[in-house]
Amino acid sequence: MKLVLKNTGLVIIWILGLLIALFPARYINNIFGYGAFFFVLFLFVFSMVILLILRRNIKVETKFQGDISTLRGESVDLGLNIKNQSIFYCNHATACFYISDLFGQVDSSLESDFVLAPKSETPFEFDADMNHIGVYQVGITRLTIYDMFDCFSLQVPIQEHFEVQVKPRIYSIEDLYVEEEVLHDSDKETRHTTTNGIDYVGVREYTPGDAMKQIHWKLSAHSLTYMTKLSENSRQSDYAVVLDFATNEKNHENMMDLYDCLIETGFSLIEALSHKEVTYSLIYPNKQLELCRSIPRSRDTDMDYIRRFALITNHINPDYPDAAKILDQEAHMPNRSTNVMLCTSRITPELVREIISIKRQKRSIELYLICLDALTTREREDLVAPLRDLEDYQIPWHLITTKMNQHYQEVSS
C-alpha cells in the first residue's frame, strides 16, 4: 500500500490549521482549550481511515459474461462497473481505461474523474473501433481514490480485465478453380492403390506385401497365379495454404494492416477449398516459431489459430521461418502437398528460387502477394519486379492490397 501526497500546499494548510487550533489552549488552561486542535486532528485521521476502508471495498467488474467477439472493422461497446461496497462516500476518484494492441502494448487509453456514492455502482462505457485481427485485453491500468480533503491518495489494486476477440472477415473468391494445367502437373503425385472394394479398373500379378483381402480370387484361379486388384487412378488434389508473417514494413500500423490481409486471404482460400472435393491444410509458424500443419475444420476455430499464429515481424534473423524456409521444409515433408497457395508480403531471391523449385518438382504453386493499399504505382512496380521470373515458368501470382480486391465479396456469416 502506497500513500501518495497529492498537493503539498494542502498539507501546509493542514499543518497551519493545527498550529492555529493550539492558540486557544494558551488562554484556556484546561482540556477545552485543546478542543479545536483535537477536532482538526480527528478530521485528518478520520479522513485517512475512510480512505483505507474505501480501498478495501472498491471492486471492478466487467459488464459482460465472458469475452467479447466481433469482426474486424466493427465497433464494440466496452464497459466496466466500479462498485463501492462501503457505507462511505468517495468524493474524488480517477481511473485510466486501456485497450492493448496486437503487440501487447497499450494502444489507447482514457482517463476519467468520478465520484463513488455509498453502496453503489459507477458504470463506464466507451466505444472502440476494432480495426485489426487479434485478441486484445481491456481493463483499467490505474484506479486512484482520494481522501475527503483531496490531500492524499491511494492506488486500488485491480485484477479484472476481459478480452475482445477480433475475428477475420472471410471473402468468397470466385476465380479460385483447379486448372487443367494444375492437374497435369499433379500427375506425378498420383499413384495406383490397391483396395478391397469392388471399384477397381484392373489387376496385376501379386507382389510380396499385398494384403490377402486384395487378391482377385476368381481370376487367380484361372491365371494359375495370384492377382491383385487395382483401384481407379486417383486424381484427387490436395492443397496447402501457407502463411508467412515476415515483412519488410517498419510502421506498426501498416504491419497490422498487412497481418489482417494475410490472415483474411489465407482463411478465404481455406473457405473456398472447403467447398470443393479436395483435401487441404494450413501451414504457418506459431509463436514459438515452430512450423505447424493442421486442417481447419470450421470457422469456429479461427480464433484458436489466431492465438497460435506468430506475430508479424520485421526482425528477420537467419533462423526465422520465413516463406522460403517454410516452402523448403514443406517440400521435404513426407505428406507434402501437390498444390501450394502462398500468402506473403515479402519477396526475396531465396523465395523466388523456392517457388520455381516447386514448379520443377511437377507440383503447382500459386502466390498471393499482400501489399499496402497506399503504395504508389512505382512502389508496386518495384515490389512485383522480382516476380517476372515466375511468368517464365507460368506460375500464377496475384497482388492483393490491404483494401482487398474489388472482386472479393464478403461471405455472410
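A nonpolar core here is a set of buried Ala, Val, Leu, Ile, Met, Phe, Trp, Tyr and Cys residues joined through side-chain atoms within 4.5 Å, and buried means under 20% relative accessible area with a 1.4 Å probe, protein chains only. Helices (H or I, at least four residues) and strands (E, at least two) are DSSP runs, numbered from the N terminus.

A word on the model: it is predicted, with local features needing pLDDT of at least 70 and side-chain atom pairs counting only at pLDDT 80 or more, while totals for chains, interfaces and linings use all residues. Residues are numbered from 1 along each chain as its sequence is written, and side-chain values use heavy atoms, leaving out hydrogens and water.

Next, select strand β4 (residues 75-84). Eight of its 10 residues are buried, so β4 is largely enclosed by the rest of the structure. Strand β7 (residues 120-129) pairs with β4 in the antiparallel sense over 10 bridges; strands pair if DSSP finds at least two bridges between them. Look for Asn81, whose bridge partner in β7 is Pro123. Strand β2 (residues 58-62) also pairs with β4, antiparallel over five bridges.

Finish at Glu163, in strand β10 (residues 161-167). Which side chain does Glu163 join through a polar contact? Pick Arg307: the contact is 2.8 Å, where a polar contact is a pair of N or O atoms within 3.5 Å, within protein one able to donate a hydrogen and the other to accept it, and residues adjacent in sequence count only if both atoms are side-chain atoms.

Methods:
Buried < 20%, exposed > 50% of the residue type's maximum accessible area, 1.4 Å probe, protein only.
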